[in-house]
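Please consider the structure shown below.

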Amino acid sequence: MNAELQINRGRLLDRLDRLAEIGAIEDGGCCRLALSDEDRAGRDLLVSWMRELGMVVRIDAIGNVVGIRAGLENVMPVMTGSHIDTVRTGGRYDGNLGVLAGLEIVAVLNEAGLVTRRPLAVAFFSNEEGARFAPDMMGSLVYAGGLALEDALATVGIDGSSVGDNLQRIGYAGDAPCGWLRPHAFLELHVEQGPVLEREGFDIGAVEGVQGISWSEFTITGMSNHAGTTPMSMRHDAGYVAAATGTFLRELVKETGPSQLATLGHLQLAPNLVNVIPNRALFTVDLRNIDEAALQQAEQRLFAFVETLAAVEGVTVNHRLLARFEPVAFDRELVGRVEAAARAQGYRVRRLPSGAGHDAQMMARLAPTAMIFVPSVGGISHNVREYTAPEHLEAGANLLLNLLLELAA
Ligand code: GLV
Ligand code: MN
Ligand code: MN
């Protein structure tokens with residue numbers, strides 16, 4: 001361990017601030033939807049920082065960016081990183097922290113004149129959030145070979161344009177083949193985005209894995225009619241099916257148990273007028289569970305509920321699976337190293353699963369992988385109020401520094 005090496009907290013915070021200025025929204029939040037103009041500006045800033053730090057930058061065909069700091073030997077690199085795209089109402093830490101901590105570590109090593117045996121790679125992956133183009137973790141999924149490049153490029157987003165066209169538009173359709181650099185190990189620093197660490201007084205989370213994710217989109221087609229003249233028994237109300245499904249999710253969770261999570265996050269009614277029965281409802285359901293069998297059961301029950309209710313109401317259902325990932329267990333040895341190193345550095349550490357999806361869950365297909373979490377104040381994320389205290393940002397980055405040095409030795 002290089003206990004004498006420490007990251008520069010002020011410089012890390014400054015980079016977080018400067019990145020957060022791009023796509024800034026109210027109350028310190030960020031809107032940098034994947035492959036938007038704001039995402040391009042954020043990417044440009046990061047690439048310029050990587051080059052200033054002397055890194056070789058390569059961009060692959062799905063727009064993932066990898067900066068490499070050479071090692072003493074030309075062997076598989078140790079990789080860290082995350083994402084810089086955000087949801088529409090995002091904070092400034094989700095994803096950004098993991099990438100900027102990687103750059104901060106490179107800056108510290110440059111100042112110390114220290115060259116590791118293995119190269120160090122810092123990556124940011126395209127479209128982690130999935131808020132504009134489903135599925136989430138798209139860039140790392142393609143990188144790891146879990147989704148064909150052509151299928152990813154053909155994906156159409158919420159505004160009707162495709163991943164491929166937007167990559168061309170922002171100039172990030174790179175020439176490196178996806179997955180071109182296979183890491184020796186992958187370690188991602190991220191804010192917890194949940195309440196556990198803060199509530200229980202821990203500084204660091206050693207993440208054991210990520211729960212399973214199932215995203216569905218339902219389009220219900222019924223018939224519009226007059227809200228005042230149509231008897232309740234004669235309606236084919238698409239809005240009713242959407243609303244009832246939203247309510248059913250709470251029942252589903254009650255019956256499946258507290259590890260089951262369910263969210264109706266997107267809902268559009270047409271024609272969306274006060275006195276017209278909706279003829280169309282489009283909504284999404286996000287189901288998550290750490291247990292794959294339970295998640296499958298929840299999916300079956302949801303699909304059966306919507307089908308049955310639609311038949312009774314006399315409307316049709318079109319269902320599309322937007323994302324489906326089984327739970328992922330991180331590398332046991334690496335998780336143990338995160339926990340041990342945190343303890344050795346004097347941090348209060350506990351193991352925990354991740355509720356959110358992460359690029360690390362895709363990189364786990366390629367290399368031994370683990371994650372470091374730092375506390376999120378109030379457990380708030382995907383919200384402009386997302387906040388992590390500077391001392392915890394620093395703790396996480398210092399722990400990452402030590403572990404990367406260990407892994408690269
Ligand atoms: C993606 O980051 C998700 O967990 O929704
Ligand atoms: Mn994230
Ligand atoms: Mn996120």
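The points that follow concern a metal site, a strand residue and a helix.

The model is predicted. In it, a manganese ion (ligand 3) is coordinated by Asp94, Glu129 and His382. Two further topics are the surroundings of Glu217 and the burial of helix α12.

**Manganese site**

- Asp94 belongs to the loop between β3 (78-82) and α3 (96-112), and Glu129 to the loop between β4 (120-124) and α4 (138-143), so the pair ties together parts that are 35 residues apart in sequence.
- Both Asp94 and Glu129 are buried.

- Glu217 is part of strand β7, which covers residues 212-221.
- Its relative accessible area is 14%, so Glu217 counts as buried, the cut-off being under 20%.
- Leaving aside residues up to four places away in sequence, Glu217 touches Leu282, Phe283, Thr284, Asn318, His319, Arg320 and Leu322.

**Helix α12**

- Helix α12 comprises 19 residues, 390-408.
- From first to last C-alpha, α12 reaches 27 Å, close to the 27 Å expected at 1.5 Å a residue.
- Of the 19 residues of α12, 16 are buried, so the helix is largely enclosed by the rest of the structure.

How values were computed:
Residues numbered from 1 in each chain as written. Chains lettered and ligands numbered in written order. Predicted model: local features only at pLDDT ≥ 70, side-chain atom pairs only at ≥ 80, totals over all residues. Heavy atoms only, no water. Helix = DSSP H or I, 4+ residues; strand = E, 2+ residues; numbered from the N terminus. Buried < 20%, exposed > 50% of the residue type's maximum accessible area, 1.4 Å probe, protein only. Contact = heavy atoms within 4.5 Å. Donors = N, O, S within 2.8 Å, 3.2 Å for Na, K, Ca; no water. Expected span 1.5 Å × (residues − 1).
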